[in-house]
Amino acid sequence: MFLGVSTSHYNTLHHPSARSRLTMGSFLEDLFPFSGMEMERFADEADVVIVGGGPAGLSAAIRLKQLANKHGKELRVCLVEKASQIGAHTLSGACLEPSALTELFPDWKERGAPLNTPVTEDVFSILTEKHRIPVPMLPGLPMMNHGNYIVRLGNFVRWLGEQAEELGVEIYPGYAAAEDVFERGMELHAKVTLFGEGCHGHLAKQLYKCFNLRENCEPQTYAIGLKEVGLDYNNPYLSPFREFQRWKHHPFVAPTLEGGQRIAYGARALNEGGLQSIPKLTFPGGILIGCSPGFMNVPKIKGTHTAMKSGMLAAEAIFPRVTAENSESETAGLHIPEYSDNLKKSWVWKELHSVRNIRPSFHNYFGLYGGMIYTGIFYWIFRGKEPWTLKHCGLDADQLKPAKDCTPIEYPKPDGKISFDLLSSVALSGTNHEGDQPPHLTLKDDSVPVARNLAIYDGPEQRFCPAGVYEYVPMETGDGMRLQINAQNCVHCKTCDIKDPSQNINWVVPEGGGGPAYNGM
């Protein structure tokens, strides 16, 4: 498999053998105008290439080198990450369950892992408009956090990167993998490429189409992590960012924030489909790991431990195949279905299976309370052993109702103390994109935003984007409106690609090193 990488150009992925090459040419030529151009590219070879320097990708890299060192094998592992440094695009006010970490590094405390704040108390409440209803935290409920740690995930990922480099993993931050066939930039050839891009990965969504990986699963459903606002909402007037600002003024929440200082801002989409939405995970030359296919345990609101474990299981399945002495080619793309088999035998699958019906159970006539009753009966009592699996409601993009059928939402103005305006918040994300690069927020049809999204849904892009990227402005001629895209504001959350009701926005990876610059968030 080939992966093209560059700090200043779009990047490439190839399979070197005819039987394993990713045959996506016609599909990608429509997306990338440089496809087919003859350009000189530097090529290099590795045994394994990993796309994405998050918990899954780094855990896979570490496990591969641990196995190589244990068995006395030479193994070149290269990891590319689009952020300018490891952890700069990692965003989560995470409550980390250390199970996978303990498997990866039993001595993580001695190694100085930045897990310094153990959870001491859980409080679970249902918030009404002015009050709260306390909900007892019964032992065994997935929301229990006994034994977990409150961490800044960016710092944790940076620490994982340090451990990986000590083991000999080659890490290349600032290198964005852009496509799977041909593009400008450097090529990395490998027997297997692991895709750990995170939620709604740019390459993963192309691989789903190329290899029909979502044929036997339900559509993924998402939330956006400002606070976890589900992206399956119906009202096009809803703004996740402004819902978050309003939430902070709730009488139960505000006292915690009063007197504090706003120091950073970010947003990221989260996979919430669970077991029902996991695609096929392997194909010739490649494997999907982590939050890219979606291993988040939604009731726990945790996915780091499952992402790490998926990367470790991938490494353990890959290692005997890439080090086999009878390999036909140094870089022939390998198909490794053993990864999927091992994952389904692991605690990851057992955990996701037990909670599979909790998220979809909230889509019922009784809403929130119906979902809680279902969870109490079928999870707390039966531990998810019911013989049925509930379905989701379809694509989040299909859930919006026409604006004429909905009531506009009046949000309070921010007070500048615990609630804030959007643009001053985005400024704290450190987001930056070079102005002379090709656009990374593209439209399949320039006429659709005004003709459909604005006409039917009153332009939901200008509300669901948490970075102020999209706004409808008057035409210079004074005749009608047009969609203006402020791509320099983009924090790489992928919400636009997910929630656009016309599925007309296509988020493609920008030049390496661009985007947000989160400092240990």
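In which loop is the place of His492? In this predicted model, His492 sits in the loop that runs between strand S21 (481–485) and H16. The legends below start from the whole chain and return to this residue in a later view.

**Figure 1. Overview of the predicted model.** The protein contains 16 helices and 22 strands. Of its 521 residues, 57% are buried.

**Figure 2. The largest nonpolar core, with 74 residues.** The members that touch the most other members are Leu115, Phe156, Leu194, Ile287, Leu288, Ile318 and Tyr339. Helix H8 (residues 304–322) provides the largest share of this core, 10 residues. Another core lies apart from it and has 36 residues, including Ala269, Tyr411, Val426 and Ile498.

**Figure 3. Surroundings of Ile287.** Residues up to four places away in sequence are not counted in this view. Ile287 touches Val192, Thr193, Leu194 and Phe195, as well as Leu281 and Thr282. The list of residues touched by Ile287 also includes Ala314, Ile318, Ile336 and Tyr339. Among these, Leu194, Ile318 and Tyr339 are named with Ile287 as members of the largest nonpolar core that touch the most other members.

**Figure 4. The second largest pocket, with a volume of about 540 Å³.** The pocket is lined by 21 residues, and the closest to its centre are His200, Lys205, Lys209, Asp497 and Gln503. Helix H5 (202–211), helix H16 (495–499) and strand S22 (505–507) are the elements that give two or more residues to the lining. H5 supplies the largest share, 5 residues. By residue class, the lining divides into 9 nonpolar, 6 polar and 6 charged.

**Figure 5. Helix H6 (residues 240–247) and the elements that cover it.** The buried residues of H6 are Pro240, Phe241, Glu243, Phe244 and Gln245. The cover over these buried residues includes two strands, S14 (222–225) and S15 (228–230). It also includes helix H13 (422–427) and helix H15 (461–464).

**Figure 6. Asn212 and His492, each with a positive phi.** Most residues other than glycine have a negative phi. Phi of Asn212 is near 55°, and that of His492 is about 65°. Asn212 is placed in the loop between H5 and S14, whereas His492 is placed in the loop between S21 and H16. Asn212 has 42% relative accessibility and therefore counts as partly exposed. His492 is buried because its relative accessible area is 3%, which is under the 20% cut-off.

**Figure 7. Asn297 in the loop between strand S18 (286–288) and H8.** The relative accessibility of Asn297 is 0%, so the residue counts as buried. Leaving aside neighbours within four places in sequence, Asn297 is in contact with Lys302, Glu351, Leu352 and Val355.

**Figure 8. Pro255 in helix H7 (residues 254–257).** Pro255 counts as exposed because its relative accessibility is 51%, and the cut-off is over 50%.

**Figure 9. Ala264 in the loop between H7 and strand S16 (269–271).** Ala264 has a relative accessible area of 33% and is therefore partly exposed. Apart from neighbours within four places in sequence, Ala264 is in contact with Leu428 and Met521. Ala264 and Gly430 are 166 residues apart in sequence, and their C-alpha atoms are 8.6 Å apart in space.

**Figure 10. Lys391 in the loop between helix H12 (367–381) and H13.** Lys391 is exposed, as its relative accessible area is 66%. When residues up to four places away in sequence are not counted, Lys391 touches Glu218 and Pro360. Lys391 and Ser361 are 30 residues apart in sequence and 8.6 Å apart from C-alpha to C-alpha.

Terms used: Residues are numbered from 1 along each chain as its sequence is written. This is a predicted model: local features need pLDDT of at least 70, side-chain atom pairs count only at pLDDT 80 or more; totals for chains, interfaces and linings use all residues. Side-chain values use heavy atoms; hydrogens and water are left out. Helices (H or I, at least four residues) and strands (E, at least two) are DSSP runs, numbered from the N terminus. Buried means under 20% relative accessible area, exposed over 50%, partly exposed in between (1.4 Å probe, protein chains only). A nonpolar core is a set of buried Ala, Val, Leu, Ile, Met, Phe, Trp, Tyr and Cys residues joined through side-chain atoms within 4.5 Å. Contact means heavy atoms within 4.5 Å. On a 1 Å grid over the protein atoms alone, a cavity is a set of points where a 1.4 Å probe fits but cannot get out, and a pocket is an open set with protein on both sides within 12 Å along at least five of seven lines; lining residues have an atom within 4 Å of a point. Grid points are joined across faces, edges and corners, and a volume is the space filled by probe spheres set on the points. Ala, Val, Leu, Ile, Met, Phe, Trp, Tyr, Cys and Pro count as nonpolar, Asp, Glu, Lys and Arg as charged, and the others, Gly among them, as polar.
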